[in-house]
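Please examine the sequence and the model displayed below. The report that follows treats a metal site, a helix and a set of charged pairs.

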Amino acid sequence: MTQHKMQDPVSQYPVMDIPEQRQDEPGLDSKLLPKADHGEETYVGSGRLEGRKALITGADSGIGRAVAIAYAREGADVAITYLPSEQEDADEVMKVLDAIGRKVVAIPGDLSDEAFCKQLIKQASDELGGLDILVNNAGKQLYVDDILELETAQLEATFRVNIFAMFWLIKAALPTMPKGASIINTTSIQAYQPSEGLLDYAATKAAIANFTHGLAKQLAPKGIRVNGVAPGPIWTPLQPSYGQPMEKLVQFGQATPLGRAGQPAELAPAYVFLASQESSYTTGEIIGVTGGQHLP
Ligand code: NAD
Ligand code: MG
């Protein structure tokens with residue numbers, strides 16, 4: 001099977017039997033039950049990103065891992081970044097990437113630190129020999145029922161990782177990006193349909209969508225496109241690491257029109273399209289991959 005095989009999207013992946021589980025954040029893919037699909041066995045490339053140099057944040061697990069695998073199979077050299085505590089997951093994806101045969105670089109660090117963001121861009125572009133694609137995908141999501149219990153420390157950390165880091169990374173990357181380069185930001189269905197317990201997270205995702213629209217206008221004359229992807233409920237370690245209350249976690253994704261959670265592998269093609277020259281007239285857009293919950 002490949003990502004191209006025609007089939008019923010309802011039954012393409014099963015409605016998962018999700019056991020109760022909790023991890024500290026950031027969650028590890030190695031502890032996720034059941035396992036997620038990142039396209040390891042299915043994603044087939046066809047030269048759509050031949051010779052490109054890409055940096056993907058949060059690429060040890062989840063959506064970022066699926067994007068890294070797809071980009072390398074499409075012919076890109078890839079740098080991945082993640083938190084030091086996720087080294088085990090990073091080693092796992094590096095094994096898959098190494099087998100593809102493109103250049104791959106792993107750079108751990110904390111994106112809530114502006115100095116690291118600058119150093120990351122320098123190291124990635126030095127080691128890859130340039131930077132054509134920046135995928136801002138790392139994110140922090142912690143569920144809190146009551147705004148009265150939402151601590152300032154969490155509020156600030158969520159904004160630093162989810163939105164401040166995008167400003168820092170893009171500021172550092174732009175001077176090295178050639179015309180034709182592409183920036184892709186991961187927002188969320190939460191930008192448009194916020195859950196009551198994700199006020200800080202959803203607000204950052206709305207900020208990311210707005211930033212994507214505005215930055216696209218600023219960079220269009222420079223020949224750099226900026227777009228976003230808005231996932232719906234996707235099965236990744238973000239969710240069992242306090243991303244959802246337990247009663248929502250065990251039924252994760254079942255309220256979508258397709259009736260099931262999405263898998264990270266199902267996100268990769270949207271990121272490939274936005275990175276490739278096929279999307280040359282698309283900038284300032286957000287592609288929804290939501291199982292039918294749709295963007296406004
Ligand atoms: P994930 O946990 O696999 O990936 C998130 C990654 O963010 C982590 O792997 C980690 O490396 C990174 N990260 C978190 N804090 C960081 C920090 N301080 N410094 C550096 N990296 C840090 O989960 P995912 O669901 O694949 O998340 C990827 C993106 O997709 C996130 O932006 C998330 O908000 C977004 N998203 C996910 C869903 C979903 O249902 N899973 C839905 C909508 C949007
Ligand atoms: Mg991770």
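## Magnesium site

The donor residues of the magnesium ion (ligand 2) follow the sequence spacing D-S-x24-E. They are Asp60 (OD), Ser61 (OG) and Glu86 (OE), which coordinate the ion at 2.1 to 2.2 Å. Donors here are N, O and S atoms within 2.8 Å of the metal (3.2 Å for Na, K and Ca); water is not among the atoms, so sites may look incomplete. Asp60 and Ser61 are both buried, where buried means under 20% relative accessible area, exposed over 50%, and partly exposed in between (1.4 Å probe, protein chains only).

## Basis of the model

This is a predicted model, in which local features need pLDDT of at least 70 and side-chain atom pairs count only at pLDDT 80 or more, while totals for chains, interfaces and linings use all residues. Residues are numbered from 1 along each chain as its sequence is written, chains are lettered from A and ligands numbered from 1 in the order in which they are written, and side-chain values use heavy atoms, with hydrogens and water left out.

## Helix α7

Helix α7 spans residues 268-275 and is mostly covered, with six of its eight residues buried. Helices (H or I, at least four residues) and strands (E, at least two) are DSSP runs, numbered from the N terminus. The buried residues of α7 are Ala268, Ala270, Tyr271, Val272, Leu274 and Ala275. Their cover includes helix α1 (62-73) and the strands β4 (133-136), β5 (182-186), β6 (225-231) and β7 (286-289), contact being heavy atoms within 4.5 Å.

## Salt bridges

The whole structure contains eleven salt bridges, each defined as a side-chain nitrogen of Lys or Arg within 4 Å of a carboxyl oxygen of Asp or Glu. One of them joins Lys140 to Glu25, with the closest N and O atoms 2.7 Å apart. Lys140 lies in the loop between β4 and α4 (152-173) and Glu25 in the segment before β1 (53-57), so this pair ties together parts that are 115 residues apart in sequence. Lys140 is buried, at 12% relative accessible area, whereas Glu25 is partly exposed, at 36%.

Arg65 pairs with Glu40, the closest N and O atoms being 3.8 Å apart. Because Arg65 belongs to helix α1 and Glu40 to the segment before β1, the pair ties together parts 25 residues apart in sequence. Arg65 is buried, with a relative accessible area of 3%. In a further salt bridge, Glu278 and Arg48 have their closest N and O atoms 2.7 Å apart. Glu278 is in the loop between α7 and β7 and Arg48 in the segment before β1, 230 residues apart.
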